[in-house]
Amino acid sequence: MYTVSRVVKNLTANPASILTRAMSVLPKRNTEELKTLKTLSVSNPKPYVFHVQLNRPDKYNAFTKQMWLEVKECFENLHINPDCRAIVLSGAGKHFTAGIDLTSMMMLGQELGEVEDVSRKGYVMEPLIKLYQDSVSALEVCQKPVIAAVHSACIGAGVDFITAADIRYSTKDAWFQVKEVDIGMAADVGSLQRFPKVIGSQSLARELCFTGRKFLSDEAVKCGLVSRVFENQEELLQGALELAELIASKSPIAVQATKNNMVYSLDHTNQEGLDNIRNVNKLYLQSEDFLTAVAAQLTKGEKPNFSKL
Ligand SMILES: CC/C=C\C=C\CC(=O)SCCNC(=O)CCNC(=O)[C@H](O)C(C)(C)COP(=O)(O)OP(=O)(O)OC[C@H]1O[C@@H](n2cnc3c(N)ncnc32)[C@H](O)[C@@H]1OP(=O)(O)O
């Protein structure tokens, strides 16, 4: 029979098994699982740095249902993967992405055509759009900073996707298009929400969303969509990986709390943001990372190593 004193005695007598049991209820954090993804290629090129590459180069990395599902799965995994502290996101082949897969969209249209009642068609569409939204949002929900490395075309869903990333770098030849209006739809997986906040101009954001005008890397830098431009794809990837490596060398507690609070502060008042970080830091300022990092700064000693989360 469980009594309070017995439970307390057990807890204090065997802390390791308590931890093991507590950890066993957490979801899986398995890097191997990421290798089975079909539309993404995931690697771990430097300690604590992951490289996620959209990998349908023959289809210009156009987003199919499988890709939306796998993006979600991948970022949910990296969110809780202790071996990951920063992520680079790029596209394989000629373009970063041609947006949603138009062939799949046509097929979906045909399937919907078989359903007569309009509300039943809506019943099919709603969870699908939600899945696609959650897939893009997985980049933002993921606690680890995501650096999008964009080359050549980044169209439609691609813009939704990169505006959910934390940092955007591109090549000189990169170009962008909020193209949804051209296929007769309002963007519905994040561009209308995140893009104006990222570039900080409602006027320009609305112009680009209403017209679907293609814009190049120089304009993308000027408006703040992209923070750094590289000569070519090789230099882009090197620059993005170096940035990821630098971020990954910092305290994961500090970096992840910073991301959480910056995302939270996007749509909360300054006071709510301050309340949030105060509540977080009353715990995190007691972390070993804080002591280690402060000591390293004071002694100007070796770069500190932070233990896994
Ligand atoms: C719930 C909804 C959620 C999200 C919705 C998002 C909406 C969007 O993403 S809107 C944007 C949709 N995308 C497009 O309109 C892009 C269309 N493609 C192009 O503009 C061009 O192909 C290009 C990417 C600029 C590349 O041009 P180019 O290098 O000249 O190649 P092409 O000869 O045009 O294309 C080669 C080959 O690829 C096929 N393809 C290109 N884009 C797509 C796509 N998005 N989906 C499916 N297939 C695509 C193109 O048809 C060609 O196929 P072939 O079989 O070789 O003819």
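Visitor: Leaving aside neighbours within four places in sequence, which residues is Ala-244 in contact with?

Guide: In this predicted model, Ala-244 touches Val-49, Ala-86, Ile-87, Val-88 and Ile-147, once its neighbours within four places in sequence are set aside.

Visitor: What is the largest nonpolar core, and which residues have the most contacts inside it?

Guide: A core of this kind is a set of buried nonpolar residues joined through C-beta atoms within 7 Å. Here the largest one has 68 residues, and Ile-87, Ile-147, Ala-149 and Ala-244 have the most contacts inside it. Helix α11, residues 233–248, gives the most to this core, with 7 residues.

Visitor: Is Phe-75 buried or exposed?

Guide: The count of surrounding C-beta atoms decides, and 20 or more within 10 Å make a residue buried. Phe-75 has 25 other C-beta atoms within 10 Å, so Phe-75 is buried. Phe-75 lies in helix α4, which spans residues 65–79.

Visitor: What does Phe-75 contact beyond four places in sequence?

Guide: Phe-75 is in contact with Ala-138, Leu-139 and Cys-142, its neighbours within four places left aside. Phe-75 and Ser-135 are 60 residues apart along the chain, and their C-alpha atoms are separated by 8.4 Å.

Visitor: How many residues surround the ligand, and which are the closest?

Guide: The shell can be read by members, by elements and by class. The ligand is surrounded by 21 residues, with Ala-62, Ala-98, Gly-99, Ile-100 and Gly-156 the closest. At least two shell residues come from each of α5 (102–113), α6 (118–141) and β5 (153–155). By class, the shell has 12 nonpolar, 4 polar and 5 charged residues.

Visitor: Which domains does the assignment give?

Guide: The domain assignment gives domain 1 as 5–248 and domain 2 as 252–299. Their centres, taken over C-alpha atoms, are separated by 25 Å. In the contact between them, 8 residues come from domain 1 and 7 residues from domain 2. The side of domain 1 that touches domain 2 has 2 nonpolar, 1 polar and 5 charged residues.

Visitor: What confidence does the model carry, and where does pLDDT stay under 50?

Guide: Read the mean together with the local values. The mean pLDDT of the protein is 92, and 91% of its residues reach 70 or more. Over residues 1–5 pLDDT stays under 50, and the model has 1 contact beyond four places in sequence for them. The model scores are ipTM 0.97 and pTM 0.92.

How values were computed:
Residues are numbered from 1 along each chain as its sequence is written. This is a predicted model: local features need pLDDT of at least 70, side-chain atom pairs count only at pLDDT 80 or more; totals for chains, interfaces and linings use all residues. A residue is near a molecule or strand if its C-beta atom, placed from the backbone, lies within 6 Å of it. Helices (H or I, at least four residues) and strands (E, at least two) are DSSP runs, numbered from the N terminus. Ala, Val, Leu, Ile, Met, Phe, Trp, Tyr, Cys and Pro count as nonpolar, Asp, Glu, Lys and Arg as charged, and the others, Gly among them, as polar. pLDDT is the predictor's confidence in each residue, from 0 to 100. Two residues are in contact if their C-beta atoms, placed from the backbone, lie within 7 Å. A residue is buried if 20 or more other C-beta atoms lie within 10 Å of its own, exposed if 12 or fewer, and partly exposed in between; C-beta atoms are placed from the backbone. Domain bounds come from an automatic or database domain assignment.
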